[in-house]
Amino acid sequence: MERLIEMKRQFAGLVKELREEQAKEAPEKAKAERLAEEIRALAGQIETEEAILRMEEGRDGSEKPAFRAGDDEKAGSRAGKEYRAAFEKYLRTNDTAELRSMAVGTLTKGGYLVPESWEAAIVQKKHELFVMRSLADVQTSALDKNIPVEGAEGVSTWLDEEAAYQESDEEFALKVMEAFKFGRILKASEEILEDETYNLMAYLVTKFARSNGRLEESAFIAGDGVKKPRGFLLDADVGKSTAVNTGFTYDEILDLWASLKSGYAASSSWLMKRTTLIEVMKLKDGDGRYLYQPSTLPGQLGAILDRPVRLADDMPAVAANSKPIAFGDFSYYRIQDRTGFFMQRLNELYAGTGQVGFRGYQRTDGKLLVSEAVKVLRVIA
C-alpha cells in the first residue's frame, strides 16, 4: 500500500510539473512530451499495482471479513455453515452425499448453486475490478422482468376554478430484462484439492470474478444485445459531436456537460478509458486553467467540472465515429442478475493430467432504461 501511495504522489507531481511547463509562454516541447510519457507509464503502473493488491486479498490462507457469513446464518440454507462446508467438500472430493440431503442447491444438469457467501464474494470482486457494477442499478430476479419506461412525459396546465382538466396520456414502452448465460471452466491440480489449508474459495472466487467480470464489463458498455446484454453506448443520447474526427476541444467537453439535464447531474459521473483521460488532462481554457482537477487522495482519480471521473478499458478510444466519453447518471443502467451462481466439478475431463475442472456459470442482462440519463461525446466520422 505504501508503494501505491508513493506512486500516486509521483503521479500528482508529474501532472503539476506538466501543467506548469505547458503554462509557460514558451514551453519546451521535448520536456512536455517527456512528462506526458512519464505520466502515461506511471498511470499504467498504478493500475497494475492496484490490481495486484486487490488480487492478493484472500490469498493469505484465511477468509476476509467480507467473505465471512454473518452470525444470523440459517441452517439448511445456502447461507448456512453446513451447506458451505458440504459444498467445499464436494469440490475437493466429489462427495455429494451431504449436499443431496439438503433441500437447497439441489444438483441439476448444471451443477450446484454456490453458497451465498461465495456468490457475494464474486460480486464484490467484480465491483473492485470493474466499474459498471459499481455505477449501475443492480438487481436480482428469478424470472424475466418487464420494465415499463416512460416514452413521452405528460404535461400539467394551469386551471381556472372548476375548469375541465386537460387530458395528457403517458406513453410507456416495455424493456425486457432477459437472462444471458456465460461462464468458463477452471482447472486445479489434485494436490491443491488435497491440501485442506489451501484457500480454494479465494482461488475460485477471484478467477471467476476476473474473467466473468471482464466479459460483463465489455457487454454492459458496448454489447450489441445479441446473446449478451445491450451496452449503454447503443442507447445513450449524443450530447455533443466534435468538429473534427481526430479529437475534442475544451468547449466541446463543456457542451457535453451542459447537455445533461440537471435532474441527472447530481449523481453523474464521467466515464472514459485511461488514454482518453490523458487527452482531457491537457485541455486548458483561454486563461490557461486546466479542465481536469486532480486529486491527491489515494484511490481518487480527480474530477471534471466537479464531477468524478471513472475509468473503463472497454470504453472506445478517440477515433472517427467513436464515442470515447460518457457523462451521466449510470444508475439508470439496469443490471438484472438471475438468482444464483452455479458450479459443477468435472472429474474425468482432465484426469489424464492430474487436474480437476470446475465449470461455473451464471445469467445476467443489462440495459439503459432512460436514454437521456447518459450523454456521450461523438467524434464525427
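View 1. D306 is exposed, with a relative accessible area of 61%. In this predicted model, the residue sits in the loop between β9 (302-304) and β10 (307-311). Phi of D306 is near 70°, a positive value in a residue other than glycine. Most residues other than glycine have a negative phi.

**View 2. N321, a partly exposed loop residue.** N321 lies in the loop between β10 and β11 (325-328). Its relative accessible area of 47% makes N321 partly exposed. Phi of N321 is positive, near 65°, and the residue is not a glycine.

**View 3. Helix α10 and what covers it.** Helix α10 spans residues 250-259, and its buried residues are Y250, E252, I253, L256 and S259. The cover over these buried residues includes the strands β6 (237-241), β7 (269-272), β9, β11 and β15 (374-378).

**View 4. The largest nonpolar core.** This core has 35 residues, of which I253, W270, M272, I304 and I325 touch the most other members. Two or more residues each come from α1 (2-23), α2 (29-56), α10, β7, α12 (274-281), β10 and β11. Helix α2 gives the most, with 7 residues. Another core, of 28 residues, lies apart from this one; Y83, L91, Y112 and F358 are among its members.

**View 5. The surroundings of I325.** I325 is one of the residues that touch the most other members of the largest nonpolar core. With neighbours within four places in sequence left aside, the contacts of I325 include F248, I253 and L256. W270, L271 and M272 are also in contact with I325, as are T276 and V280.

**View 6. Strand β13, buried along its length.** In β13 (residues 342-346), 5 of 5 residues are buried. F342, Q344 and L346 point one way from the strand, while M343 and R345 point the other way.

**View 7. The strands paired with β13.** Strand β1 (residues 112-113) pairs with β13 in the antiparallel sense over 2 bridges. In this pairing, L113 stands opposite F342 of β13. Strand β14 (residues 355-368) also pairs with β13 in the antiparallel sense, over 5 bridges. Here G357 in β14 is the bridge partner of L346.

How values were computed:
Residues are numbered from 1 along each chain as its sequence is written. This is a predicted model: local features need pLDDT of at least 70, side-chain atom pairs count only at pLDDT 80 or more; totals for chains, interfaces and linings use all residues. Side-chain values use heavy atoms; hydrogens and water are left out. Helices (H or I, at least four residues) and strands (E, at least two) are DSSP runs, numbered from the N terminus. Buried means under 20% relative accessible area, exposed over 50%, partly exposed in between (1.4 Å probe, protein chains only). Contact means heavy atoms within 4.5 Å. Two strands pair if DSSP finds at least two bridges between them. A nonpolar core is a set of buried Ala, Val, Leu, Ile, Met, Phe, Trp, Tyr and Cys residues joined through side-chain atoms within 4.5 Å.
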